[in-house]
Amino acid sequence: MTTNHRVALVSVADDNRTAIATYLQSAGFDVHACEELALPRSFGALVLLGDKVAGTDAVTCVRSWMKLTKSQRVVVVTSKPTGLRDLVATHPGRLFVLQAPAFGWELVDALRAAEPPRPRRA
């Protein structure tokens with residue numbers, strides 16, 4: 001399996017994380033479920049379920065991931081999507097924010113979404 005299919009699923013350990021991990025695995029992703037992510041660069045995509053990670057708010061966490069990584073896709077499922085609006089505008093094609101609760105197929109679509117076409121130089 002390629003690195004692009006390796007997904008870090010970051011959230012509290014609960015039935016929801018287990019269900020999402022199982023769904024993503026059935027869709028062909030190699031899922032690493034965790035409560036805290038130490039090495040974001042080793043994954044093709046990062047998924048955050050919830051508004052906090054290890055006591056840190058989602059915006060701070062995602063901002064650090066975007067700085068540490070240059071090509072990973074980041075998908076966030078949160079009850080506060082407007083808090084990430086500026087980051088989405090800064091990182092189109094890499095950062096996807098879904099309103100909680102989200103279905104597994106929505107996560108798969110966000111993980112597989114093609115990057116938007118880049119403008120051609122004249």
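At 8% relative accessibility, Cys61 is classed as buried (buried means under 20% relative accessible area, exposed over 50%, partly exposed in between, with a 1.4 Å probe and protein chains only). The model is predicted: local features need pLDDT of at least 70, side-chain atom pairs count only at pLDDT 80 or more, and totals for chains, interfaces and linings use all residues. Residues are numbered from 1 along each chain as its sequence is written, and side-chain values use heavy atoms, with hydrogens and water left out.

Cys34 is buried too, with a relative accessible area of 9%. What separates Cys34 from a bond with Cys61? The sulfur of Cys34 lies 9.6 Å from that of Cys61, its closest cysteine sulfur, which is too far for a bond. Cys61 is likewise in no disulfide. The structure holds 0 disulfides (a disulfide is a pair of cysteine sulfur atoms within 2.5 Å).

| Buried residue | Relative accessibility |
|---|---|
| Cys34 | 9% |
| Cys61 | 8% |
| Thr78 | 2% |

Thr78 sits in strand β6, residues 73-78. Helices (H or I, at least four residues) and strands (E, at least two) are DSSP runs, numbered from the N terminus. The Thr78 side chain reaches the backbone nitrogen of Lys80 at 3.0 Å (a polar contact is a pair of N or O atoms within 3.5 Å; within protein, one must be able to donate a hydrogen and the other to accept it, and residues adjacent in sequence count only if both atoms are side-chain atoms). Beyond neighbours within four places in sequence, Thr78 contacts Gly50, Asp51, Leu84, Val97, Leu98, Gln99 and Ala100 (contact means heavy atoms within 4.5 Å).

Now the helix. Helix α1 has 12 residues, 15-26. At 1.5 Å a residue it should span 16 Å, and its end C-alpha atoms are 16 Å apart, which agrees (the expected span is 1.5 Å times one less than the number of residues).

Which residues of α1 are buried? They are Arg17, Ile20, Ala21 and Leu24. Seen down the axis of α1, these buried residues fall within an arc of 100 degrees, so they line one face of the helix (the arc is that of the directions from the helix axis to the C-beta atoms). They pack against β1 (6-10), β2 (30-34), β3 (45-49) and α4 (104-112). On the other side of α1, Asp15 and Ser26 are exposed.

Asp14 caps the N-terminal end of α1, with a side-chain oxygen 3.2 Å from the backbone nitrogen of Asn16. Just after α1, Gly28 adopts a positive phi of about 100 degrees.
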